[in-house]
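The sequence and the structure are shown first.

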Amino acid sequence: MLELAILGLLKESSMHGYQLRKRLAEALGSFWQVSYGSLYPALKRLQREEAVEMIFPREQVGRRRNVYRITEKGEQLFATLLERVGQDATEDNGFSVRFAFFQYLKPETRIRLLERRRAFLEGRWASLRDSLATAKERIDSYTLSLMNHQLSATESDIRWLDDLIAAEQRQVPAVRSSRTRARTARPGPGTARLPQKERA
């Protein structure tokens with residue numbers, strides 16, 4: 001995921017290590033902290049793959065700062081990593097990093113990733129609901145409150161994804177969801193029923 005984030009930011013502009021770490025913190029810091037100990041090894045790996053190269057702008061030479069820029073191979077690698085729809089694409093960090101660069105994806109790919117993320121969250125919601133149903137008699141009120149909060153937060157994320165999918169479909173009428181029928185989840189204890197969404 002770090003390589004994907006680095007390449008995505010270098011697509012926007014060339015940067016030296018400090019700038020890159022700062023931009024990573026701004027773009028991804030709410031869910032992922034990047035240290036120099038992980039940043040520079042990732043840059044070295046990308047250099048070995050010829051996806052990133054160092055340049056030395058005239059105004060930077062005296063400062064001995066290595067400025068990194070993406071190469072043509074890096075552009076191709078970025079596209080490959082971004083479009084990859086695997087397990088990591090649906091989990092929290094993997095999805096969030098890809099979502100930060102959604103502008104570079106085709107509408108049908110965006111919809112596919114959004115739907116896979118929705119399916120992943122539906123599984124999480126069902127698991128949380130079942131855990132809550134079986135454990136609520138044995139746990140204290142604080143743990144119960146936390147579990148209900150997690151359930152509600154997951155519901156909110158699913159609704160957000162529904163809205164994003166619908167917006168993508170409205171922008172590109174030819175693109176249709178792979179889901180042929182709406183999924184309706186049963187209500188969890190103490191929470192609202194997940195909204196039913198009509199699928200074209």
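**Architecture.** The model is predicted. The protein chain contains seven helices and three strands, and along the sequence these elements follow the pattern α-β-α-α-β-β-α-α-α-α. Of the 200 residues of the protein chain, 39% count as buried. Among contacts between residues at least 6 apart in sequence, 61% join residues at least 24 apart. The protein chain exposes about 11,500 Å², of which carbon and sulfur atoms supply 48%.

**The largest nonpolar core.** This core has 39 residues, and the members that touch the most other members are Ile6, Leu7, Leu10, Leu20 and Leu24. Two or more residues each are given to this core by α1 (2–12), α2 (17–28), α3 (36–48), β3 (67–70), α4 (72–83), α5 (92–100), α6 (107–135) and α7 (141–171). The largest share, seven residues, comes from α1. Leaving aside residues up to four places away in sequence, Leu10 touches Met15, Leu20, Val52, Tyr68, Arg69 and Ile70.

**Thr71 and Glu50.** Thr71 is placed in the loop between β3 and α4. Its relative accessible area is 15%, and Thr71 therefore counts as buried, the limit being under 20%. Residues up to four places away in sequence not being counted, Thr71 touches Glu50, Ala51, Val52 and Glu53. Glu50, one of these contacts of Thr71, is placed in the loop between α3 and β2 (52–55). The phi of Glu50 is near 60°, a positive value in a residue other than glycine. Most residues other than glycine have a negative phi. At 45% relative accessibility, Glu50 counts as partly exposed.

**Aromatic residues.** A search of the whole structure finds seven aromatic pairs. One of them is formed by Phe95 and Trp160, with an edge-to-face arrangement, 6.5 Å centre to centre and 90° between the planes. This pair links distant parts of the chain, since Phe95 lies in helix α5 and Trp160 in helix α7, 65 residues apart. Which of the two classes, buried or partly exposed, applies to Phe95? Phe95 is buried, because its relative accessible area of 3% is under 20%. Trp160, with a relative accessible area of 39%, is partly exposed. Ring pairs also link Phe95, Phe99, Phe102 and Trp160 into a cluster.

**Surface patch.** Tyr18, Tyr36 and Tyr40 form a nonpolar patch on the surface, with about 310 Å² of accessible area together. Tyr40 lies in helix α3 and is partly exposed, with a relative accessible area of 32%.

The table collects the accessibility of the individual residues discussed above.

| Residue | Relative accessible area | Class |
|---|---|---|
| Thr71 | 15% | buried |
| Tyr40 | 32% | partly exposed |
| Phe95 | 3% | buried |
| Trp160 | 39% | partly exposed |
| Glu50 | 45% | partly exposed |

Key:
Residues numbered from 1 in each chain as written. Predicted model: local features only at pLDDT ≥ 70, side-chain atom pairs only at ≥ 80, totals over all residues. Heavy atoms only, no water. Helix = DSSP H or I, 4+ residues; strand = E, 2+ residues; numbered from the N terminus. Buried < 20%, exposed > 50% of the residue type's maximum accessible area, 1.4 Å probe, protein only. Contact = heavy atoms within 4.5 Å. Areas by Shrake-Rupley, 256 points an atom, 1.4 Å probe, with all protein chains shown as cover. Core = buried A, V, L, I, M, F, W, Y, C linked by side-chain atoms within 4.5 Å. Patch = residues over 30% accessible without salt bridge, like charges linked within 9 Å, V, L, I, M, F, W, Y side chains within 5 Å. Salt bridge = Lys/Arg side-chain N within 4 Å of Asp/Glu carboxyl O. Phe/Tyr/Trp six-rings, centres within 6.5 Å; stacked < 30°, edge-to-face > 60°.
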